[in-house]
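Have the viewer open as you read.

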Amino acid sequence: MSRIPRVSRTAGLVALGVLMGGVLAWSGVSAAHQLSGAGSVNVVTESRSVPHGYLATNVVCPKGQRAISGGYAYHGDHDLANPVIVEVSAPGRTSDQKNAVYDSWDLFFLNGKNKKITVEVHVVCTPI
């Protein structure tokens, strides 16, 4: 049984990696094209004031749209002793109906700082 030289094996793995990267990039472009054909993607961004302690909040999609992603941004000072912690960042519903569409992004902040902070909260929406 012959062994493939290490250089040839490495070159083959690099070539395979480049090929797979190209396939993944092309599939991402294709998926984005299909999404854009299905309707527009809408990003809703709002600001929230978070006091020392806790804040539970959400960002809601426009009527007729569903949440597909979301998150937050904190642009203030960072302190390892008193960090801003996000305990929840997840899709949510504004309706109590059992099969309601996830139409919001829920966030739960813990502010250990001795002052109010401001965060940006985001939800990415697409038509239902």
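Leaving out neighbours within four places in sequence, Val-119 is in contact (heavy atoms within 4.5 Å) with Glu-46, Ser-47, Arg-48, Val-50, Ala-73, Tyr-74 and Phe-109. Keep in mind that this is a predicted model, where local features need pLDDT of at least 70, side-chain atom pairs count only at pLDDT 80 or more, and totals for chains, interfaces and linings use all residues. Residues are numbered from 1 along each chain as its sequence is written, and side-chain values use heavy atoms, with hydrogens and water left out.

- Strands here are DSSP runs of E, at least two residues, numbered from the N terminus.

**Salt bridges**
- The whole structure has two salt bridges, meaning a side-chain nitrogen of Lys or Arg within 4 Å of a carboxyl oxygen of Asp or Glu.
- One joins Glu-46 and Arg-48 at 2.7 Å, N to O.
- Arg-48 counts as buried at 18% relative accessibility, while Glu-46 is partly exposed at 30%.
- Buried means under 20% relative accessible area, exposed over 50%, and partly exposed in between (1.4 Å probe, protein chains only).
- The other pairs Lys-115 with Asp-77 at 3.5 Å, N to O.
- Lys-115 is in the loop between β5 and β6 and Asp-77 in the loop between β3 and β4, so this pair ties together parts 38 residues apart in sequence.

Definitions and conventions: Helices (H or I, at least four residues) and strands (E, at least two) are DSSP runs, numbered from the N terminus.
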